[in-house]
Amino acid sequence: AQGFAQLLEQVRVARQSGFASVWAAHHLLVSPVQMLQPMPLLARLISEAEGMLIGPNVMILPLLNPVHMAEESATMDLLSDGNFVLGVGQGYRNEEFASFGISPKERVGRFTEGIEVIKRLWCEERVTFHGQYYTLDDVGLSLRPVQKPRPPIWAAAVIEPAIKRVARIGDTWMITSYPTLTTLQRQMKLYQEALQEVNKSFPDELPAMRECYVSSHHRQALEECRGPLEYKYRAYAAWGQDRILPEADRFDQPFEELVRDRFLIGDQSYIQEELLRYKELVGVNHFTMRVQWPGLEQAKVLRTIESLGHVVRTIA
């Protein structure tokens, strides 16, 4: 309850600081980590985030029925006055799939079919669809989205086959916080080639999530967020989140190596340089900054948010 009250304040400060969007993550059965579920949370945050894009980053689509996702997202698009983005991913935690009675081997098929069903329900009056996992016969949504022809679908991907898939079926690639910038440069070439293969232009918005912390001095910033970030990434490693990453990008390495070329941690001038470097080398123009982890005090979170607002205004 205390964390939720702090979150409301963070969103208000982010809006006042000029942030463009606010996102909520989706995971299940992650005790002792506490997580609010994204859709009801985002619906509550709309008033604090007025005018900002809102969306889940990301819904684990293979665990969810696409009809439910299409209906719920259309409602969110209405409540947000057409500022909703549906962020989706394939998921990776075996515990989540087991609890739904779904085999992880079905992830790709359910993900691909799910996106097709959602798009068609948003755009067509009546839909008939017979897939391996989902079947619809001449049905239509109870509510159509405000955005025309539909809300954007931003799709997360980490490994190369998934990146190629996102180029085919997503509106843009949501870059996660895990790969280093060196890895991203290689993957970006793959993404661009995959877009060309299906005659799609490079997206207007290329979002990337980065862990971010700003303090008055670079070394001070690293030390202040070390404990909370190490806790978070030990949990990720326990969930098996880094098993699919290249060896150099794994999480079981010293903190200084973990953060290098991957997280945005430092003083304002360093953060500014890094934002410009990501834009130049990879094309990122929409940063999703995760600025709090278990154990990090609210005052330090708000300082980072306000500092980021100052950095972006300086660049602009």
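Start with the whole chain and its contacts, meaning heavy atoms within 4.5 Å: among those between residues at least 6 apart in sequence, 70% join residues at least 24 apart. You're looking at a predicted model, where local features need pLDDT of at least 70, side-chain atom pairs count only at pLDDT 80 or more, and totals for chains, interfaces and linings use all residues. Residues are numbered from 1 along each chain as its sequence is written, and side-chain values use heavy atoms, with hydrogens and water left out.

Now show the C-alpha atoms: they fill a box of roughly 60 × 40 × 40 Å along the principal axes. Colour by burial next, and 52% of the 316 residues come up as buried (under 20% relative accessible area, with a 1.4 Å probe and protein chains only).

Switch to cartoon view for 11 helices and 11 strands; these are DSSP runs numbered from the N terminus, helices being H or I with at least four residues and strands E with at least two.

Next, select residues 2–16, helix α1, and residues 38–45, helix α2. How far apart are their axes? They lie 11 Å apart, and the helices pack at an angle of about 55° (axes are lines fitted to C-alpha atoms over the stretch in contact, and angles run from 0 to 180 degrees between N-to-C directions).

Finally, show side chains where α1 and α2 touch. On the α1 side, pick F4, L7, L8 and V11; they meet L41, R44 and L45 in α2. The residues of this contact divide into 6 nonpolar, no polar and 1 charged (Ala, Val, Leu, Ile, Met, Phe, Trp, Tyr, Cys and Pro count as nonpolar, Asp, Glu, Lys and Arg as charged, and the others, Gly among them, as polar).

Notes. Buried means under 20% relative accessible area, exposed over 50%, partly exposed in between (1.4 Å probe, protein chains only).
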